[in-house]
Amino acid sequence: MLGIYVEEVRKKSPLVHNITNYVTVNDVANILLACGGSPIMSDEPEDVEDITSICGGLNINIGTLNKRTIEGMFVAGKKAKELGHIVLLDPVGAGASRLRTETAIKIMEEIKPDVIRGNISEIKTLVNGSGTTKGVDADVADAVTEDSLEQMVAFAKKFAKKSGAIIAITGAIDLVADKDHCYVIRNGRPEMGRITGTGCQLSGLMTAYVTANRDHKLEAAAAAVTSMGLAGEIAYDHLQKDEGNSTYRNRIIDAIYHMDGDTLDQGARYEVF
Amino acid sequence: MLGIYVEEVRKKSPLVHNITNYVTVNDVANILLACGGSPIMSDEPEDVEDITSICGGLNINIGTLNKRTIEGMFVAGKKAKELGHIVLLDPVGAGASRLRTETAIKIMEEIKPDVIRGNISEIKTLVNGSGTTKGVDADVADAVTEDSLEQMVAFAKKFAKKSGAIIAITGAIDLVADKDHCYVIRNGRPEMGRITGTGCQLSGLMTAYVTANRDHKLEAAAAAVTSMGLAGEIAYDHLQKDEGNSTYRNRIIDAIYHMDGDTLDQGARYEVF
Amino acid sequence: MLGIYVEEVRKKSPLVHNITNYVTVNDVANILLACGGSPIMSDEPEDVEDITSICGGLNINIGTLNKRTIEGMFVAGKKAKELGHIVLLDPVGAGASRLRTETAIKIMEEIKPDVIRGNISEIKTLVNGSGTTKGVDADVADAVTEDSLEQMVAFAKKFAKKSGAIIAITGAIDLVADKDHCYVIRNGRPEMGRITGTGCQLSGLMTAYVTANRDHKLEAAAAAVTSMGLAGEIAYDHLQKDEGNSTYRNRIIDAIYHMDGDTLDQGARYEVF
């Protein structure tokens with residue numbers, strides 16, 4: 001049962017440092033507040049050491065990286081790891097450009113994040129050292145399907161072992177793995193892909209969950225993925241006729257605001273392999 | 001009938017690269033997803049060539065320009081044109097500062113965008129090489145009115161001819177012109193001016209529409225303007241008592257999410273001169 | 001009665017230049033439009049002099065400062081003061097990092113803003129030259145309470161006298177002081193703290209209010225604080241079951257959109273000491 005990890009976030013109210021893209025940053029901040037965490041954003045190399053020092057977790061998202069913020073990511077990441085904080089990497093668009101691919105791989109190798117969360121194309125890029133993605137969305141050819149599931153579970157565990165990180169691969173079916181176990185999660189709705197930044201929001205949420213549950217990183221990461229997917233289902237049920245993706249975005253964050261352990265335990269749909 | 005151009009966006013799902021301001025970027029991303037397109041944002045000079053190469057259109061918006069992103073605009077713009085992509089320029093605040101005026105004119109002259117969309121004060125600045133605007137909003141003295149309509153249609157066509165671009169001048173009455181024809185569009189509501197970034201959203205939408213309808217650029221640009229105006233009307237009808245500009249913003253994007261060819265054909269109000 | 005200061009904003013439609021963080025900038029723009037003002041954002045040192053020159057007020061918020069935007073803050077601030085414009089400083093995160101503390105203090109000393117608005121931890125940092133905050137939220141130990149009220153009123157007046165600025169300290173109880181008088185305001189709801197950027201929004205709003213009421217700066221600043229708090233109460237009443245912080249954010253801006261002098265005069269809860 002994953003609900004206890006949700007409750008822990010509200011009890012501990014983890015402060016999360018985000019170096020994230022300017023597209024979805026407001027939604028990331030609001031979902032962190034919705035789940036009971038507290039967000040702070042800082043990307044200036046001269047500012048990030050101080051800021052990350054007062055936090056418990058660091059969420060690095062390369063969605064609109066530039067040379068200055070890349071430097072900030074490394075300075076913050078090294079400091080956070082030195083202090084024993086939780087570090088998550090969201091390799092947005094890895095595979096879509098050389099700069100993104102190289103930056104994501106370098107962060108993975110030098111910072112050694114505790115959690116890496118991306119779509120399948122991004123994760124494959126990290127594994128292979130190169131890749132192609134349709135912009136910031138996963139390539140259809142890469143999708144985790146029922147047919148490829150067994151193989152993908154093995155892939156996720158193997159990459160978790162190699163990288164030393166919890167690996168979260170999100171899509172129609174979500175996988176959250178360490179080297180030994182893999183959660184296969186079937187919450188969520190396809191319409192979530194029509195909102196910008198549900199992945200970024202999930203990365204923020206996951207950083208808070210794992211930070212508040214340091215001794216149960218895998219379970220906490222899985223709880224974040226199921227919470228987000230379930231929030232997508234609840235919000236979809238709340239959508240009125242004529243409402244579309246912009247209101248859906250608000251309703252998903254609202255559903256996280258009301259999420260508690262019981263709701264998650266009743267709505268979570270997953271298996272562990 | 002402009003509805004077919006709306007449908008084409010949903011069929012082709014164009015990937016649009018946006019170098020846009022950080023004020024309204026989230027709404028631009030969500031309206032691109034709402035219309036059936038797919039957004040990606042990147043403004044780092046070392047990243048933009050790779051990113052724009054996998055896209056079909058490039059939306060350049062100078063709303064919060066800085067020296068680094070200006071460089072990104074030129075690098076991306078040149079690459080996009082080299083690849084035969086659609087390039088749109090939104091000269092936000094041209095006329096309000098020397099840097100904005102000079103940057104917009106230089107992009108116009110060196111990149112030769114396929115479409116330029118702005119308010120009348122911004123467009124006059126591009127034509128005259130200087131100007132005054134009330135911040136990012138059009139000067140009232142410049143407004144396109146029934147009295148000045150004939151003259152403004154001629155002005156738009158003439159600038160389209162000179163620049164080689166589709167010219168979209170948006171305001172109470174919208175004009176979309178190439179050198180030979182000008183759509184005069186009367187959709188929309190004045191309350192849309194009380195939301196930040198409806199112009200930026202329209203520029204994103206227009207880039208997707210024109211990219212998906214390369215052989216009918218003028219019609220596609222006009223379809224984007226009528227879609228946005230009609231969405232403003234539909235969203236206004238959906239507004240509840242006590243709701244204001246923040247919810248109106250969401251409802252407009254929601255209306256684009258539900259927009260189809262029939263809805264547009266029934267609601268579009270325009271003439272062609 | 002503070003309602004007349006609200007009405008004045010709608011009559012004068014002040015143009016406000018914002019150098020603000022990319023987390024909450026969209027909400028700041030929309031609340032400025034909601035109250036009847038007009039926002040423009042620009043942070044590039046080469047752009048800010050021109051932009052601030054056409055405005056009446058300047059809102060400096062250090063929430064995601066970097067070296068380039070810090071330079072922009074000083075260039076804009078000096079120009080704005082030279083032109084006799086209203087300048088507001090929001091020292092987001094002062095006390096949380098050396099860079100933020102030093103930048104906020106330097107802006108205070110060199111630009112001499114007309115208004116400084118922050119939470120109690122940020123304001124104490126400005127007074128003491130150093131401090132500790134829980135990220136961008138106030139430290140609980142610092143809170144203005146009924147017990148500490150008299151002492152805090154004296155503290156606010158004293159800092160107003162020393163700095164020459166109107167001092168607004170916002171929290172469960174809000175204080176707005178010049179050297180002689182202090183408004184103690186009891187509007188608002190605790191749930192507003194679960195939305196990112198209600199403080200940033202208030203700073204934008206306050207800049208517009210004070211700019212439109214230059215001869216009544218203290219009253220206008222107090223009117224902004226009561227308006228924001230009352231909007232939080234009205235919006236809370238409008239919240240539907242299942243709605244959370246994301247929709248609450250929209251409803252607060254919507255409530256500002258409908259705010260008028262009568263509504264404020266009927267709902268404002270304050271004393272003057």
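**Exercise 1. Find the bridge partner of Leu88(B) in S5(B), then place the strand pair in its sheet.**

Step 1. Look across from Leu88(B) into S5(B): the bridge partner is Val115(B). The model is predicted: local features need pLDDT of at least 70, side-chain atom pairs count only at pLDDT 80 or more, and totals for chains, interfaces and linings use all residues. Residues are numbered from 1 along each chain as its sequence is written, while chains are lettered from A and ligands numbered from 1 in the order in which they are written.

Step 2. Identify the two strands. Strand S4 (residues 86-90) of chain B pairs with strand S5 (residues 115-118) of chain B in the parallel sense, over two bridges. Strands here are DSSP runs of E, at least two residues, and helices are runs of H or I, at least four residues, numbered from the N terminus. Two strands pair if DSSP finds at least two bridges between them.

Step 3. Widen the view. In chain B, nine strands make an open sheet with mixed pairing, in the order S2-S1-S3-S4-S5-S6-S7-S8-S9. Its edge strands are S2 (38-41) and S9 (270-272) of chain B, each pairing on one side only. Neighbouring strands are turned by 15 degrees against each other on average, direction ignored.

**Exercise 2. Trace the sheet of chain A and state which helix packs on it.**

Step 1. Read off the order: S2-S1-S3-S4-S5-S6-S7-S8-S9 (chain A), an open sheet of nine strands with mixed pairing. S2 and S9 (270-272) of chain A stand at the edges with a single partner strand each, so one side of each has no neighbour in the sheet. The twist averages 15 degrees from one strand to the next.

Step 2. Take one pair. S5 (residues 115-118) and S6 (residues 166-169) of chain A run parallel and are joined by four bridges. Val115(A) stands opposite Ile166(A) in S6(A).

Step 3. Axes are lines fitted to C-alpha atoms, for helices over the stretch in contact, and angles run from 0 to 180 degrees between N-to-C directions.

**Exercise 3. Which residues touch the most other members of the largest nonpolar core?**

Step 1. Define the core: buried Ala, Val, Leu, Ile, Met, Phe, Trp, Tyr and Cys residues joined through C-beta atoms within 7 Å. A residue is buried if 20 or more other C-beta atoms lie within 10 Å of its own, exposed if 12 or fewer, and partly exposed in between; C-beta atoms are placed from the backbone.

Step 2. Pick them out. Of the 286 residues in this core, Ala221(A), Ala221(B) and Ala221(C) touch the most other members.

Step 3. List partners, leaving aside neighbours within four places in sequence. Ala221(A) is in contact with Val115(A), Ile166(A), Ala168(A), Val176(A), Met206(A), Tyr209(A) and Val210(A). Contact means C-beta atoms, placed from the backbone, within 7 Å.

**Exercise 4. Describe the relation between chain A and chain C, then their contact.**

Step 1. Find the residue of chain A closest to the axis. Tyr22(A) is that residue, at 3.6 Å (C-alpha).

Step 2. Count the contact: 27 residues from chain A and 29 residues from chain C. H2(A) gives the most to the side of chain A that touches chain C, with six residues. By class, that side has 13 nonpolar, seven polar and seven charged residues. Nonpolar covers Ala, Val, Leu, Ile, Met, Phe, Trp, Tyr, Cys and Pro; charged covers Asp, Glu, Lys and Arg; the others, Gly among them, are polar.

Step 3. Compare surfaces. Only 11% of the interface residues of chain A are also interface residues in chain C, so the copies meet through different surfaces.

**Exercise 5. Is Ile253(A) buried or exposed, and what does Ile253(A) contact?**

Step 1. Locate Ile253(A): helix H10 of chain A.

Step 2. Ile253(A) is buried, because 26 other C-beta atoms lie within 10 Å.

Step 3. Leave aside neighbours within four places in sequence. The contacts of Ile253(A) are Asp27(A), Asn30(A), Ile31(A), Ala34(A), Gly244(C), Asn245(C) and Ser246(C).

Note on methods: Two residues are in contact if their C-beta atoms, placed from the backbone, lie within 7 Å. Copies are superposed by least squares on the C-alpha atoms of residues with pLDDT of at least 70 in both.
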